[in-house]
Amino acid sequence: MGSASVHRCRSCGYETDYITLDFDYGMSAVVVTPVLCATHGVMTAETGLMAWDTDWESQKADEYPCPECGELSPRWNRRTCPQCGKKSMGIWRDSPVMMWD
Ligand SMILES: [Zn+2]
Ligand SMILES: [Zn+2]
């Protein structure tokens, strides 16, 4: 089961939508990871990798298409704030963790 949570910047208060952890996957085995689209901000992107492929971890790439516009977007490190640029993003403890499939 995958889990998603809101990430929030301790410096400027910027908040993401619910995004997954790095290379997380649910029952469908589709591996997803957060990316930073220049237009849409932090998004959860499908990597095209399947968790049942034993070597999927070695096939990780640095960029994946944004699910909204398809633009190739760099993986987001879950630390750097897209708004103020400080490494002060973290899981917002007050937000409930959303479980998906
Ligand atoms: Zn910030
Ligand atoms: Zn986009």
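Begin by selecting Leu-36 together with Val-42, its bridge partner in β5. The model under view is a predicted one. Now extend the selection to the whole of β4 and β5: these two strands pair in the antiparallel sense over seven bridges. Strands of a sheet pair through backbone hydrogen bonds, either parallel or antiparallel.

The three strands form an open sheet in the order β3-β4-β5, with antiparallel pairing. β3 (24-25) and β5 are the edge strands; each has a single partner strand, so one side of each is left without a neighbour in the sheet.

Which residues of the largest nonpolar core touch the most other members? Select Val-35, Met-43, Ala-45 and Cys-66, which hold that position among the 14 residues of this core. The elements that contribute two or more residues to the core are β4 (30-37) and β5 (41-50). In soluble globular proteins, nonpolar side chains tend to be buried together.

Centre the view on Val-35 and display its surroundings. Setting aside residues up to four places away in sequence, Val-35 touches Met-43, Ala-45, Tyr-64, Cys-66, Ser-73, Pro-74, Arg-75 and Trp-76.

Strand β1 (residues 2-9) and strand β2 (residues 15-20) pair in the antiparallel sense over four bridges. Within this pair, Ser-5 stands opposite Ile-19 in β2. The two strands form a hairpin with five residues between them, and in the turn Gly-13 has a positive phi of about 90°.

Apart from its neighbours within four places in sequence, Trp-92 is in contact with Ser-5, Val-6, His-7, Arg-8 and Glu-15. Is Trp-92 buried or partly exposed? It has 15 other C-beta atoms within 10 Å and is therefore partly exposed. For a distance across the model, select Asp-22 as well: its C-alpha atom and that of Trp-92 are separated by 16 Å, although the two residues are 70 apart along the chain.

Most residues other than glycine have a negative phi, and most peptide bonds are trans. Select Phe-23, in the loop between β2 and β3; its phi is near 45°, a positive value in a residue other than glycine. Phe-23 counts as partly exposed because it has 16 C-beta neighbours inside 10 Å. Then select Arg-78, in the loop between β7 (72-74) and β8. Arg-78 is not a glycine, yet its phi is positive, at about 65°. With 18 other C-beta atoms within 10 Å, Arg-78 is also partly exposed.

Finally, clear the selection and view the entire chain. The protein has zero helices and nine strands. Its radius of gyration is 13 Å, close to the 13 Å that the globule rule gives for 101 residues, so the protein is as compact as a globular protein of that length. Along the principal axes, the C-alpha atoms fill a box of roughly 40 × 30 × 25 Å. Of the 101 residues, 25% count as buried. Among contacts between residues at least 6 apart in sequence, 54% join residues at least 24 apart.

Note on methods: Residues are numbered from 1 along each chain as its sequence is written. Chains are lettered from A and ligands numbered from 1 in the order in which they are written. This is a predicted model: local features need pLDDT of at least 70, side-chain atom pairs count only at pLDDT 80 or more; totals for chains, interfaces and linings use all residues. A nonpolar core is a set of buried Ala, Val, Leu, Ile, Met, Phe, Trp, Tyr and Cys residues joined through C-beta atoms within 7 Å. A residue is buried if 20 or more other C-beta atoms lie within 10 Å of its own, exposed if 12 or fewer, and partly exposed in between; C-beta atoms are placed from the backbone. Two residues are in contact if their C-beta atoms, placed from the backbone, lie within 7 Å. Two strands pair if DSSP finds at least two bridges between them. The radius of gyration is taken over C-alpha atoms; the globule rule is 2.2 Å times the number of residues to the power 0.38.
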